Amino acid sequence: MLESLYVKDFAIVGEAEIAFGPGMTVVTGETGAGKSLLVDALLLLAGGRADASMVRHGCERAELSATFDLGGRADLRDWLVAEDLDEDGACQLRRVVRSEGSSRAWINGRPVTLTQLKALAAELIEIHGQHEHQALLDRSQQLALLDAFGAHEAEAAEVARTARAWRDTGARIAELSRGEDHAERIEWLGHQVEELDRHALAADDLAALEERHRRLANSGQLLQGCAALVERLDGDGEFALLRLVARAQHEIASLAALDERLAPAGELLDAAQIQLSEANDALARYQSALDLDPDSLAEAEAQLGKLHELARKHRVRMADLKPHADDLRKELETLRGAGASIATLREQEQRQRKAWEAAAKALGQRRTATARALSDAVSALMGELGMRGGRFEVQLEASDGGDPDPQGAERCEFLVSANPGQPPRALRKVASGGELSRISLAIEVAALGSDTIGTMVFDEVDSGIGGAIAEVVGQKLHALGTRAQVLCVTHLPQVAAQGDRHLRVSKSSDGDSTETRIDVLDGKPRQEEVARMLGGIEITRETLAHAKQMLGKRG
């Protein structure tokens, strides 16, 4: 449900914020005051085309925003979450049009594309009137309305499910087939897996090989370095470390005999002598175990070279060759069993096609019965709405193509004959603006409670009618308002009197600029506005009494 609408510097509206409530809200005003600006604002927020003429003269940009209550629409809350546009259950549409004609859109404060804006707005608001934004002219929307009217949810869901299952199986068959020679692919994979199994190493084994290669490649430097260290620790030279430590031990022992406080220093030198001796022994053992082995080095280099070659060939790291071999092995096993798998899948595909055909047939039978019921209901309402002798028909025809379609085996077209004796033709081709509005109203009233759209807008739905028919239109709109929120722009007092809320649009000018204002009417001001619509410029006591009587009859 639409909760509020804010516009600033839009056309001739300086700034206005309007709160909306449930039921039927009527919008009235003198001709040229700008009654349809509210509809234009909602059209723009629904993703309509923007241009520079929408920006108030002398301003840089026009700003529009609308907030909606998503109560009961868990699907829309889920959509917002999926699109990363959720904001604690809030739903705000915002659009800015600049004076050069460019525009930007936001949902809950986050920038969005017009496609996203249109997708959400199409589920929030439905606009009927003399404009291009007509959901009822879209054939897919017509089919959806027919299914909603007939409560075909279960049958339609089964048709969609079986069609998706058939398509998923077909995609799996295509994936296994790959459009190429399996034998050639199997032979290639077998060679690759065999080669990788022969050479690829697990991560620990690869690390050990790299360490061994590094040691062998530097064995000469290691031997030379160890020999130099052994000489420095315990060589024949005067300054070998163990010889120097022994001399220091002797001297500290002499001094400690004179002062016991030097004994700890002597103990540290003893420990140093032990550590140096152990280090010397360790170096000697390493030195004796380390050999110069050109053959082992060549073997390690050849193994690493092969691994580098395989890594470049398969475009993976050397450490990933083993997992890559496992992936190729899985594909090889899949392809070796692909023949049997494809045959099984083709049988499954045929079963799914038959399941879809059965589900589509059941849905088609229900659609046929519903089409007759909807045609009769709308035709009857058209007569009540001033199109006596007119006829509305729901035409069902087989859809193109023989493949399972998630929407079923037929397509829908709304046909209308607005006048007696005329053959019915497609609604999108023959109805005038006023007729289309009333036909839309008849469809919505006939389908009362069928769809989930929370806000319906009717722009000049009463164009070209008056008297008793106008009162009927008002009653039908009020009835529609018991199920959904209705916003109706009207010039007829019979319709205006039926509203639960009343907005008046007026225009004023100071000679330099013109501005539109929007007021909420209640009590005496509303009575006076209905009287103005009844009696023109001069409002008499009788006109006021008539207006009061009409307001008292609403609902």
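A surface patch is built from residues with over 30% relative accessible area and no salt bridge; like charges are joined within 9 Å, and nonpolar side chains (Val, Leu, Ile, Met, Phe, Trp, Tyr) within 5 Å. By that rule, Phe 239, Leu 241 and Leu 244 form a nonpolar surface patch with about 280 Å² of accessible area together. This is a predicted model: local features need pLDDT of at least 70, side-chain atom pairs count only at pLDDT 80 or more, and totals for chains, interfaces and linings use all residues. Residues are numbered from 1 along each chain as its sequence is written, and side-chain values use heavy atoms, with hydrogens and water left out. The structure holds 27 salt bridges (a side-chain nitrogen of Lys or Arg within 4 Å of a carboxyl oxygen of Asp or Glu).

**Surface patches**

- Accessible areas come from the Shrake-Rupley method with a 1.4 Å probe; for residues, only the protein chains shown count as cover.
- Leu 241, of the nonpolar patch, is found in helix α9 (residues 241-258). Helices (H or I, at least four residues) and strands (E, at least two) are DSSP runs, numbered from the N terminus.
- Leu 241 has 33% relative accessibility and counts as partly exposed. The classes are buried under 20% relative accessible area, exposed over 50%, and partly exposed in between (1.4 Å probe, protein chains only).
- A patch of negative charge gathers Glu 231, Asp 234, Asp 236, Glu 278 and Asp 281 on the surface. The elements giving two or more residues to this negative patch are α8 (219-234) and α10 (263-289).
- Asp and Glu count as negative, Lys and Arg as positive; His and the chain ends are not counted. The place of a charge is NZ of Lys, CZ of Arg, CG of Asp or CD of Glu.
- Asp 234 sits in helix α8. Asp 234 is partly exposed, at 45% relative accessibility.

- Side chains of opposite charge can pair when their charged atoms come close.
- Glu 413 pairs with Arg 139, with closest N and O atoms 3.5 Å apart. The bridge links distant parts of the chain: Glu 413 is in strand β10 (residues 410-417) and Arg 139 in helix α4 (residues 139-149), 274 residues apart.
- Glu 413 is buried at 5% relative accessible area, while Arg 139 is partly exposed at 27%.
- Lys 306 bridges to Glu 195, with closest N and O atoms 3.2 Å apart. Lys 306 belongs to helix α11 (residues 294-314) and Glu 195 to helix α6 (residues 182-199), so the pair ties together parts 111 residues apart in sequence.
- Glu 195 is buried, at 8% relative accessibility. A salt-bridge network links Glu 195, Lys 306, Glu 309 and Lys 313.
- Arg 391 and Asp 376 meet in a salt bridge at 3.2 Å, N to O. Arg 391 lies in strand β9 (residues 391-398) and Asp 376 in helix α13 (residues 338-384), so parts 15 residues apart in sequence are tied together.
- Arg 391 is partly exposed at 32% relative accessible area. Asp 376 is also partly exposed, at 45%.

**Helix α5**

- Helix α5 (residues 153-177) has 25 residues and should span 36 Å at 1.5 Å a residue; its end C-alpha atoms are 36 Å apart, which agrees. The expected span is 1.5 Å times one less than the number of residues.
- Buried residues in α5 include Glu 155, Trp 166, Ile 173 and Leu 176.

**Gly 499**

- Gly 499 sits in the loop between α17 (493-496) and β14 (501-509).
- Gly 499 is buried, with 0% relative accessible area.
- Gly 499 and Ile 518 are 19 residues apart in sequence and 16 Å apart in space, C-alpha to C-alpha.
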